[in-house]
Amino acid sequence: MSSTLGRIKTALRSLTRAMSKRGRAPARRHPSEASPAAYVPYPGDATTLPDMTYAPHPDGAPDPGEIVWSWVPYEEDHTRGKDRPVLVIGREGNQLIGLQLTSQDHDRDEHQERRAGREWVDIGTGAWDHRGRPSEVRVNRLLRLDPAHVRREGAVLSRDRYEGVIAAVRTHYS
């Protein structure tokens, strides 16, 4: 068993070096994959809207209206993903429901994004991006997040910007 794990780690290091030499790094694996026994598969995106009442509180727990950082799985392969800011919009049981942010400007390719099934809303700048870049929130993918795996390094989104995002989410899911 340990020799198999060793071969896998060696292969991953080789792949990482090869990809880096071509000018791009491979997508990051889920942090829990460092210990295969601890890996918990992503349960899939949420399909129903949670209670999305704006409720940020300085109580140590992520709340709707707060932007946190978390590992976000890719849609096409939930074992791969990227660490990114996420707007918390509610809860489903013991999991958070959130919307991913990006600093990429999708206004230029809005029609292409819509054809691909992605809808974005501008939210401007904030403390979640240390470089001060304007951000967009994807309103049509409801991420399930384990609260134990998010970092409260982001910021609180203002109520008016939050309500604008929620209006777009409701429009999409109505």
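Guide: Welcome! Helices are DSSP runs of H or I with at least four residues, and strands are DSSP runs of E with at least two, both numbered from the N terminus. This is a predicted model, in which local features need pLDDT of at least 70 and side-chain atom pairs count only at pLDDT 80 or more, while totals for chains, interfaces and linings use all residues. Residues are numbered from 1 along each chain as its sequence is written, and side-chain values use heavy atoms, with hydrogens and water left out.

Visitor: How many helices and strands are there in the protein, and what pattern does it follow along the sequence?
Guide: The protein has 3 helices and 8 strands. Read along the sequence, their order is α-β-β-β-β-α-β-β-β-β-α.

Visitor: What percentage of the residues of the protein count as buried?
Guide: Buried means under 20% relative accessible area, exposed means over 50%, and partly exposed lies in between (1.4 Å probe, protein chains only). Of the 174 residues, the buried share is 36%.

Visitor: What share of the contacts with a separation of 6 or more comes from residues 24 or more positions apart?
Guide: A contact means heavy atoms within 4.5 Å. Among contacts in the protein with a separation of 6 or more, residues 24 or more positions apart account for 62%.

Visitor: Which residues of the largest nonpolar core touch the most other members?
Guide: A nonpolar core is a set of buried Ala, Val, Leu, Ile, Met, Phe, Trp, Tyr and Cys residues joined through side-chain atoms within 4.5 Å. The largest has 21 residues, and those touching the most other members are L87, I89, I123, Y162 and V165.

Visitor: Which element supplies the largest share of this core?
Guide: Strand 3 (80-92), strand 4 (95-102), strand 5 (120-124) and helix 3 (159-173) each supply at least two residues of this core. The largest share is 4 residues, and they come from helix 3.

Visitor: How many residues are in the second, separate core?
Guide: That second core is separate, and its members include Y42, L96, L145 and V150. The number of residues in this core is 9.

Visitor: Which residues is L87 in contact with, leaving aside neighbours within four places in sequence?
Guide: L87 is among the residues that touch the most other members of the largest core. With neighbours within four places set aside, the contacts of L87 are G65, E66, I67, I97, G98, L99, L101, L157, Y162 and V165.

Visitor: Where do the buried residues of helix 3 pack?
Guide: In helix 3, the residues Y162, V165, I166 and V169 are buried. Seen down the helix axis, the buried residues fall within an arc of 100° (taken from the directions from the axis to the C-beta atoms), so they line one face of the helix. The face turned away from that buried side carries the exposed residues D160 and T171. The buried residues of helix 3 pack against strand 3, strand 4, strand 5 and strand 6 (135-138).

Visitor: How far apart are the end C-alpha atoms of helix 3?
Guide: The expected span of a helix is 1.5 Å times one less than its number of residues. For the 15 residues of helix 3 that gives 21 Å, and the end C-alpha atoms agree, being apart by 21 Å.

Visitor: Which strands do D83 and R151 lie in?
Guide: A salt bridge is a side-chain nitrogen of Lys or Arg within 4 Å of a carboxyl oxygen of Asp or Glu, and a search of the whole structure finds 7 of them. In one, the side chains of D83 and R151 meet at 2.8 Å, N to O. The pair ties together parts 68 residues apart in sequence, because D83 lies in strand 3 and R151 in strand 8 (residues 151-156).

Visitor: Is D129 buried or exposed?
Guide: D129 forms a salt bridge with R133 (2.9 Å, N to O), and R133 counts as partly exposed at 30% relative accessibility. With a relative accessible area of 9%, D129 is buried.
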